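Hello,

Here is the structure I promised to pass on.

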Amino acid sequence: MADAARRHAELVARIRDANHRYYQLDAPDITDAEYDLLLRELEALEAAHPQLVQPNSPSQRVGDAPSGKFAQVKHALPMLSLANAFSDTEVAEFVERIERETGDRAPVFSVEPKLDGLAISLRYEHGVFVRGATRGDGSTGEDVTANLRTVKSIPMQLAGGLFPPAVLEVRGEIIMPRADFEAYNARACAEGRKPLANPRNGAAGSLRQLDAAVTAQRPLAFYAYALGEVQGADLPATHSQTLQWLRQLGFPVSPEVGTAAGLAGLLAYYQSIGERRDGLPYDIDGVVYKLDRFDRQQEMGFVSRAPRWAIAHKFPAEEARTTVEAIEVNVGRTGAVTPWVQMTPVQVGGVTVSRATLHNADQIARLDVRVGDSVIIRRAGDVIPEVVRVVESARPPDSVPWQMPAHCPDCGSAIEREVGEVVARCTGGLFCPAQRVQAVVHFASRRAMDIEGLGERFAQDLVAFGLIQTVADLYRLQVADFLEMKRRADARDDSTPATVKAGKIADKWAQNLVAAIDASRNTTLERLLFALGISDVGESTAKTLARHFGSLDALMAADEAALQQVPDIGPVVAAHILHFFAQSHNCEVIAGLRAHGVHWPEGAPQRASDGPLSGKTVVLTGTLESMSRDEAGARLEALGARVSGSVSKKTTLVIAGQAAGSKLAKAQDLGLEIWDEAQLLAFLAAQ
């Protein structure tokens, strides 16, 4: 019993501290998942030893006490928390208990996303907003009325009738939408201000500002999800009908709310929202199931801090805490140097991760990430994990700030950062081994030189064994060179593909590679420009440059003024093009390509205004029978069109082939001109 009491005291102290950091300081030092584990351990300990339960235990309370910075508000009805479910089994137990106690089979639930923000209560008297408060400890919150008046989505007066309720208390969540959060942080960084840590902390911190003018500058939004005290109104019989009524009164309600019957319906909703989670405009950490009928809610009742008729089904944690073991840099295809952290492996988002990106030196400086730091990392969906904040209270006393290395770890060349650039770059160019492999992969890719079969695995071996120094060396390779590469790879790690290790029969792969390289000698100027890997010169820009200058020599001779005469070429892209062709080793690569027979047709410069489709934006969708969409796009561009991948109000024409989908539907909604394949062919034939 003594051990249980000791552990109970430790848990109570830790959870209280976590509550204070989360609710009052808006600076949590543990993740939501870690907090949930601590609370569950406390609840299990108290269940085994009921004598340890105290009225002020975190298991009996909601949130944290008011901070004292604002006037206190006593809630007419407690603002309770929700029990959590972390597995389908726990949800099944929840449904079975309701079925058993109510006698309903497959009961209907109101279902909604669990918004990750700050719970608030809005009080209206005779239709006019009079007071807003935070949840606080569930019984008493903080009066933040002045700040809530700055939130544009909160109605100051109710809509929908001449006789509003005498008292209406609406409860919901203050959030910061993702797009608005990112835009706010971008402006903050540009102005030298400290960015917000994440949307949830941004929402909570913004609402608890002492100066409402500061809150007014923050992009906050509100979604309603429940009622508190109500006087002078006949309420609907179900929660889902109540949400519809709140919409009619002018309150925003999440468009993802709905109803579902029984366990199968709840789990289907959970899966559906989970699949769409990354595309939602706001952060969520699970879904909420509420028994829809109010009379059934009353039958089920409450426990100390949560209703028995509702539960939050949490998603796997997207954040986790771990330790930075090292900070390294990776050199990409264009020489961009990206910092990343090596971490103690940790489970996050359902997988074990040991590396996370830091994007650039500015982000490291903003976060002040150091070796030895405890950090919170985030992984959403298939997104590469990233560090979102440092737990500064756990920082080792001997830590030192990280600095970008002065020289490339792969080739020793200087790492430089141009004025106005966010990214630092290795100056080694195509001679840097780190850039060389990816340069070869990009050069050989389908939309560049289209060398079929030459992927990253072979590119790595060609560079590692010294068979090529630049992409021009590809054109002097013979079958014997690839077979030598195979033998050396076999001797190195015995991990070459089975087709490669099969002996003389497998020599065909080498012959096919040599043939594919030989076929790529006949290319186009736009493909070549894209294949060279010039920073910020993608397919579209390469096409524009090829048409505008007509020849590679003309492009190489162009100065900054001439480059900025090209449509869509600004000073940054022009600087990158000038820098690329100013490097002698890049010019040597181009000379080598020409010496090895790589050729392309050249002609007089073609301005977009020269074609009948000049100034028009065309979108291709669906499958064409007579040609590929790439071929159709090339022919349209040759006639002056700008071929886009998305439909908008600026689109001039949509060409729809077979099985055209959402793009065609959007074009119809916008009333755009639409052609089928027959109309396209007739137009092309007339040119």
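In what order do the five strands of the open sheet lie? The order is β2-β11-β10-β3-β9, with mixed pairing. The edge strands are β2 and β9 (258-261), each of which pairs on one side only. Strands here are DSSP runs (E, at least two residues), helices are runs of H or I of at least four residues, and both are numbered from the N terminus. Two strands count as paired if DSSP finds at least two bridges between them.

Before the rest, a word on the basis. This is a predicted model, in which local features need pLDDT of at least 70 and side-chain atom pairs count only at pLDDT 80 or more, while totals for chains, interfaces and linings use all residues. Residues are numbered from 1 along each chain as its sequence is written, and side-chain values use heavy atoms, leaving out hydrogens and water.

Now to β11. Strand β2 (residues 84-85) runs parallel to β11 and is joined to it by two bridges, with Ala 85 partnering His 313. Strand β10 (residues 284-291) pairs with β11 in the antiparallel sense over five bridges, and there Lys 290 stands opposite Ala 310. Five of the five residues of β11 (residues 310-314) are buried, so the strand is largely enclosed by the rest of the structure. Buried means under 20% relative accessible area, exposed over 50% and partly exposed in between, using a 1.4 Å probe and protein chains only. In a regular strand the side chains alternate between the two faces of the sheet. Both faces of β11 are covered, with Ala 310, Ala 312 and Lys 314 on one side and Ile 311 and His 313 on the other.

Asp 104 sits in the loop between α3 (88-102) and β3 and is buried, with a relative accessible area of 18%. The side chains of Asp 104 and Arg 296 are joined by a polar contact of 2.7 Å (a pair of N or O atoms within 3.5 Å; within protein, one must be able to donate a hydrogen and the other to accept it, and residues adjacent in sequence count only if both atoms are side-chain atoms). Leaving aside neighbours within four places in sequence, Asp 104 is in contact (heavy atoms within 4.5 Å) with Glu 99, Arg 293 and Arg 296.

Best wishes
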